[in-house]
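I opened this entry to work through one chain, element by element. My notes follow in the order I looked things up.

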Amino acid sequence: KQWYQRRVRGFTCRLYGARMIIDWHNYGYTILGLKLPTTSPVVRAARMFERFFGQLADENFCVTNAMSHDLVKNWGITACALHDRPCKTTKLSTSQKHELLLRLGKQYPIFKEDESTT
């Protein structure tokens, strides 16, 4: 890390009393690249932005070992892999899932039953 980058990050964090921690689930620029050409200036700028601030972070973590290895290999960022798993106690029966979707349908139109299929 360059001395000036550490100073800017240090100043900003001291100003707000915070540390910069990044939770990597994927690279944002690759998702942007699904809609825009990968050679687009916007995608290239997003990649540079992600890499720059990722290297400035106080801590980095991700959800897979593969992402952790990729960050180290390609960007020199060390990230701790904290594996994402569903809680074992959250298994719902079919009727519980149905009731949940009915309740969600009352509040959110996307979950409403499609009346054309009934």
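Predicted model: local features only at pLDDT ≥ 70, side-chain atom pairs only at ≥ 80, totals over all residues.

**Entry 1: layout**

I took the overall inventory next. The protein chain has five helices and three strands. Read from the N terminus, the elements run α-β-α-α-β-α-β-α. I looked up burial for the chain: of its 118 residues, 20% are buried.

I went through the bridges one pairing at a time. β1 and β2 run parallel and are joined by four bridges. Asp 23 has Phe 61 of β2 as its bridge partner. On the β3 side, Cys 62 is partnered by Ala 81. The chain goes from β2 through α4 to β3, and this β-α-β crossover is right-handed.

Then I looked at the side chains along β2, residues 59–62. They alternate. Asn 60 and Cys 62 point to one face and are buried.

**Entry 2: the core**

Which residues make up the largest nonpolar core? I listed twelve: Ile 22, Trp 24, Tyr 27, Tyr 29, Val 43, Ala 57, Cys 62, Met 67, Leu 71, Trp 75, Ile 77 and Ala 79. β1 (21–24) and α4 (65–75) each supply at least two of this core's residues. α4 gives the most, with three. As background, nonpolar side chains in soluble globular proteins tend to be buried together.

Leaving out residues up to four places away in sequence, Ile 22 touches Phe 53, Gly 54, Ala 57, Glu 59, Asn 60 and Phe 61.

**Entry 3: helix α4**

I sorted α4 by burial. Met 67, Ser 68, Leu 71 and Trp 75 are its buried residues. Why do they fall on the same side of α4? They cover an arc of only 105° around the axis, so they share one side. Ala 66, His 69 and Lys 73 are exposed on the other side.

I then asked what the buried residues of α4 pack against. The answer is β1, α2 (28–32), α3 (41–56), β2 and β3.

Ser 68 got its own look. This residue sits in helix α4. Its relative accessible area is 12%, so Ser 68 is buried, the cut-off being under 20%. Not counting residues up to four places away in sequence, Ser 68 touches Cys 62, Ile 77, Ala 79 and Ala 81. Cys 62 and Ala 81 are also the bridge partners noted in Entry 2.

Last item here: Gly 76 follows α4 and has a positive phi, near 70°.

**Entry 4: aromatic rings**

How many aromatic pairs does the structure hold? I got seven. One of them is Trp 24 with Tyr 27, an edge-to-face pair, 5.9 Å centre to centre with 65° between the planes. Are these two residues buried or exposed? Trp 24 has 3% relative accessibility, so it counts as buried. Tyr 27 has 9% and counts as buried too.

I looked at Phe 49 and Phe 53 next. Their ring centres are 4.7 Å apart and their planes are at 55°, so this pair is tilted. The two are four residues apart in helix α3, so about one helical turn separates them. Phe 49 is exposed, with a relative accessible area of 54%. Phe 53 is partly exposed at 32% relative accessibility.

Trp 24, Tyr 27, Tyr 29 and Trp 75 form one cluster. These four residues are also on my list for the nonpolar core.

Note on methods. Residues numbered from 1 in each chain as written. Heavy atoms only, no water. Core = buried A, V, L, I, M, F, W, Y, C linked by side-chain atoms within 4.5 Å. Buried < 20%, exposed > 50% of the residue type's maximum accessible area, 1.4 Å probe, protein only. Contact = heavy atoms within 4.5 Å. Pairing = 2+ DSSP bridges. Right-handed = clockwise from strand over helix to strand, strands pointing away. Arc of directions from axis to C-beta. Phe/Tyr/Trp six-rings, centres within 6.5 Å; stacked < 30°, edge-to-face > 60°.
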